[in-house]
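Here's a quick briefing for anyone opening this structure for the first time.

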Amino acid sequence: MSLEFTSSEMMSVTAARALTNDMTCFVGIGLPSEAANLARLTHAPDVTLIYESGTLQTKPDVLPLSIGDGELCESALTTVSVPEMFRYWLQGGHISVGFLGTAQIDRFANLNTTLIGDYREPKVRLPGGGGAPEIATNAKEVFITVKHSRRTFVKDVDFVTTVGFGRDGKARDNVPNIGRGPTVVITDLCSLKPDPETKELVVISLHPNVTREDVIEATGWDIRFADQLETTPAPTAEELEVLRALKARTHSHHSGQQ
């Protein structure tokens with residue numbers, strides 16, 4: 001019997017699968033946090049989750065609303081200062097993967113969380129970079145998870161808050177002291193990876209019941225597809241059960257219905 005699941009659940013499960021037990025992951029709030037904790041609660045119980053507020057080996061029972069959420073500190077092995085978090089753990093090369101979300105992403109995996117529109121007269125002001133620029137620079141690699149739409153997947157981001165591969169795809173060339181950059185982008189429609197040569201994002205896997213046309217329609221540039229396009233494995237019953245329980249606990253906790 002086939003299981004029923006939403007596109008959002010498909011995205012979180014697929015993103016969670018990208019993490020492995022031996023990774024130390026610097027986690028962004030929102031979709032990355034959901035995926036990282038799903039991984040911890042299923043196939044990667046020993047993954048080390050680190051949040052920007054300085055919490056190490058964090059094991060929240062519910063998803064945090066922000067990096068200042070008390071749940072992170074209460075459930076962590078220890079909490080260090082933010083300067084130590086960035087200077088020693090991140091800049092010191094101890095983070096294997098940074099897990100980020102974004103408001104806009106372009107064909108070279110540059111991220112924009114600063115503003116929409118012209119810099120001098122923006123249509124919308126966004127939260128800003130936070131730790132993402134530093135994470136993307138110093139983590140050994142970067143995973144990105146975000147919902148797929150033309151508003152989000154644009155040919156060129158309005159502002160480069162966090163560098164993927166730069167405006168021309170060459171920003172990381174011959175810069176040995178920074179990480180590999182984005183290695184996978186996971187959306188509610190598909191998974192993408194940068195082309196080894198051009199660094200432009202290429203669709204490598206379509207999620208179940210998603211067509212090429214769906215992805216083309218939701219992307220703001222002429223998206224490319226891998227020659228051997230795969231179908232993403234559907235969520236298992238366990239993955240869905242754990243994810244739904246996590247989200248239910250989170251909703252109950254933050255709404256005060258405990």
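A word on classes before we start: Ala, Val, Leu, Ile, Met, Phe, Trp, Tyr, Cys and Pro count as nonpolar, Asp, Glu, Lys and Arg as charged, and everything else, Gly among them, as polar. With that in hand, the lining of the largest pocket comes out as 12 nonpolar, 11 polar and 1 charged residues. Keep in mind that this is a predicted model.

**The largest pocket**
- This pocket holds about 480 Å³ of space.
- You'll find 24 residues lining the largest pocket, with Gly28, Ile29, Gly101, Thr113 and Gly128 lying nearest its centre.

- Strands do their part here: S11 (182-186), S12 (190-194), S13 (201-206) and S14 (224-231) each supply at least two lining residues.
- S11 has the largest share of that lining, with 3 residues.
- Sorted by class, the lining of the second largest pocket splits into 6 nonpolar, 6 polar and 3 charged residues.

**The sheet**
- Follow the order S2-S1-S5-S10-S11-S12-S13-S14 and you've walked across an open sheet of 8 strands with mixed pairing.
- At the edges sit S2 (48-51) and S14, each pairing on one side only.
- On average, neighbouring strands of this sheet are turned by 25 degrees against each other, direction ignored.
- S12 and S13 run antiparallel and are joined by 5 bridges.
- Within this part of the sheet, Leu192 stands opposite Val203 in S13.

**A helix across the strands**
- Helix H1 (residues 7-17) lies across S5 (97-100), S10, S11 and S12.
- Relative to S11, helix H1 runs at about 155 degrees.

**A spot to look at: Ser149**
- Look for Ser149 in the loop between strand S10 (141-145) and S11.
- Ser149 and Asp188 are 39 residues apart along the chain, and their C-alpha atoms are separated by 9.6 Å.

How values were computed
Residues are numbered from 1 along each chain as its sequence is written. This is a predicted model: local features need pLDDT of at least 70, side-chain atom pairs count only at pLDDT 80 or more; totals for chains, interfaces and linings use all residues. Side-chain values use heavy atoms; hydrogens and water are left out. On a 1 Å grid over the protein atoms alone, a cavity is a set of points where a 1.4 Å probe fits but cannot get out, and a pocket is an open set with protein on both sides within 12 Å along at least five of seven lines; lining residues have an atom within 4 Å of a point. Grid points are joined across faces, edges and corners, and a volume is the space filled by probe spheres set on the points. Helices (H or I, at least four residues) and strands (E, at least two) are DSSP runs, numbered from the N terminus. Two strands pair if DSSP finds at least two bridges between them. Axes are lines fitted to C-alpha atoms, for helices over the stretch in contact, and angles run from 0 to 180 degrees between N-to-C directions. Contact means heavy atoms within 4.5 Å.
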